[in-house]
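The sequence and structure come first.

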Amino acid sequence: MEVAVQPIETLVVVDDRERLAHALRLARGFALFFVRCNVPAYRAELVAHLKAQLARPVVEVDLEGEPDAYPAVARAAGSSAEDAVLFVYGLEHHLPSGDPERAQQTLRALNWRRAAYQRLGRPLAFWLPEYALAMVAREAPDFYDWNSGVFEIEVPQPQREALLADALALPDEAEASLPVEEKRARLRLLEGLWEEYRGESLAERQARLQVALKMARLHESLGDYSQARRLYEESLHIAEELGDRAGVARVLHNLGVLAQQQGDYGRAWQFYEESLRISEELGDRAGVAQTLHNLGVLAQDTGEYSRARHLYQESLRIAEELGDRAGVATTLHQLGMLAQDTGDYGQARQFYQESLRIKEELGNRAGVAITTAQLALLEEAEGNLERALELITRAEELFAGLGSPYRELARRVREWIQRTPALESALEEHHSARLDPE
Amino acid sequence: MDPIYPVQTVDEAYHACHPDLALEAGDPRYIPLTSVRGGFDLPVTITNNIRRTPRGYFHQQLVTGHRGCGKSTELKRLQTHLREANYFAVYVDAEALLDLGDVTYLDVLVALTQELEQALRGENIRLPPSLRKNLDQWFANVILTEEQRRDVERALEADFGVGPQVPALARMLAAITGQIRSGSYRRVEIRRQLEQNLRVFVQRLNELVDDARVRLTRKGWNDLVFIVDGLEKMHYAPLPDGQSTHSALFVAHAEQLKSIHSHVIYTVPISLVFNANLGDAFPDPTLIIPMVKITEPDGRTLYEPGRKALFQVVARRVDVAKVMESEDLVWRLVEASGGSVRDLMRLMRLACYGATDCIRATHVETAIRELGREYDRLMQDDDLDLLIFIAQERRVPGNERSARLLHLRLVLEYQDDSGRWANIHPALRLSPRLKDRVGA
């Protein structure tokens, strides 16, 4: 069919909010609507507005936490007025990206329970973010095909900006120590914003880059490395398109960290070197220092001690020039570990103590805990068991106060130390339990 | 109260254009689309095939078509047509009876028996108690213990409102389909037992069918025909052995589906039209209900009879002069539908939103834009090359991916005297991912 179609942009279109309100007024008995709304925070505002506008009851059903979608909807329909409209939220929680089997089950159930939904005799509006709507469309096509309208609600500019500012407000380090549930809630907001910022303007693409980076870090801190990598790669793509070289260097650095965490040293090395090259070109000394430090860790992890030492010293020099005390403390800790690895305990102790002093001044409690634990291992290796026990107990308390997973590790180290005189093999385990810095 | 067609207001137009309700035979909104769909009249063709089948043989026909192409409407007309030709046609709505997420041939056979029993009761035909008892006892012995049976009967009264006045067999069959539908773990067990006793089951079933046919003949009917609608909606899923749920039912178990002593028409998913083995299993060619032809295969030359027929589909429902700002808007919607009746109905509905006194150009353009967005969402990036190929070549390569595109109506099939051809849905030409690559 060759139809002379006008380009979408030139059409005078009716606003989807207005169309949705009209559809909800018109519907009698069963009708199926999908409302694409990426940001639940804005949805609440819109629903309140719709409720005030409609002359019929609106019943809201949230599927989050429900074991199955249909029974929850049926229950709500059963206890609702004859002329009620049902708003169904949270189907996306039954379509988890990490659990394709579960998602498939949900979609299959939708597809074959079409008739059951119809028998409820109420207009149903499923409110979904774009990605979940696309899944329903493709994987439950019979259900989707039944719709009498798909309404795409865009969050208005001011609300969107406010939500973005909110989502980006917290620094990464503070965000990394939030409880898991809180992190997931933030991810949901960011996913919504990711769908909203799809425009071609510079501002939109910059916002998109920030959102992707934030999501990547959150996934990383939750241990979802494959999601984190996907988002870093997406970020890299956007930064390249924007010609944002500093951004590219930053993302490459983060991709290096990720590869390193997953033990892919070859790729990590490539990412770091690429990042380093760009940072040097841009004269971004802080970036250079950070990447040199990580390259040092990489060299140390692969047993290239002299290369590692050289890289640390170079990083340290720049950090000192820049007055970056936190960076100095971190690299000193690392130099301590290197000395410890090569059996130079005296020098190791000096580095640790220096690092500790700065971290205490800066109030960096997580850093203090890690260096204290590392010092404990050093004392133990030298046979100063009482001193070692004292230090590890202190580190354990600090980790406990931070809610850090290292607490458990510190506890195990403490128990070994307490048992050491009887255990020759403990030494080896200490090495495998070595604490890496932040 | 039924409205008087064509309706006069926008709000009534919304209700008059329902994309999901198959029209019952005799509905004033019905427009014959046969001649603009490539010429074959489904009710006439199938009735003739059945009439020409020699005694002692059964006609087994597969029918397919895009979702929303008007299949159910045609099958309901077939039922009426067959009844007029003196065939006792039993319409089986698989969607209402079966769990389409998980169907086997056993579920289908049980559903047929159930619907036959019901239809015969409507005709005041009683099956001989001995046969009923046979099947009854067979179920009772094989499937359920007495105690389970009472549980089921109690549950039935609650769930289905089936009271004790219903003969035992119907109740039992309702119990079986009820359980098969309910998705309970019992289903697996029931199927396993049915499977083990399949030969006996089919024999008992056919004794019942044979007896019914004799009684129907005595009452003046020519014969019995089953029309099984809705099976094409069964869920598509690949199976571990390389088959799909679709081919498992229709290809691997064709013999069982054909084992019933009766003429039978099954609807099959359009994704199976490329499955060569289906042709071996069901030798009569599968009837495909195509889209309404609105242009020639070149996509440019308008085909007026098809366009006019679709215009009438709207005009029978809606008073165009009163509800639409101009007649041109209907032509615009007809073009955008690609010849799909369901999409035409849906476009009309979408155009109602936001319209107050009448549907104007802006509402029509908004509706078309929305349909474009809906189809855009169905399309995956790796579909693009195949879609461009189809847009250029006007034909569908026979592979699984094409089957999927047909299933989603991203690609539409047409037919006329010169043969069959295909094209991408016109709504796809609005997609930012395609519009520069396929031309307007």
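## What covers helix α3(A)

The buried residues of α3(A) are covered by elements that include β2 (58–62), β3 (85–89) and α4 (100–112) of chain A. This is a predicted model: local features need pLDDT of at least 70, side-chain atom pairs count only at pLDDT 80 or more, and totals for chains, interfaces and linings use all residues. Residues are numbered from 1 along each chain as its sequence is written, with chains lettered from A and ligands numbered from 1 in the order in which they are written.

In α3 of chain A (residues 69–78), the buried residues are Ala69(A), Val73(A) and Ala76(A). Seen down the axis of α3(A), they fall within an arc of 65°, so they line one face of the helix. The arc is that of the directions from the helix axis to the C-beta atoms. On the other side of α3(A), Pro71(A), Arg75(A) and Gly78(A) are exposed. Buried means 20 or more other C-beta atoms within 10 Å of the residue's own, exposed 12 or fewer, and partly exposed in between, with C-beta atoms placed from the backbone.

## Chain B

Chain B has 21 helices and seven strands. These are DSSP runs, numbered from the N terminus: helices are H or I, at least four residues, and strands are E, at least two. Of its 440 residues, 48% count as buried.

## Where A touches B

In chain A, 33 residues are in contact with 42 residues of chain B; contact means C-beta atoms, placed from the backbone, within 7 Å. The largest share of the chain A side, five residues, comes from α1(A).

Definitions and conventions: Contact = placed C-beta atoms within 7 Å.
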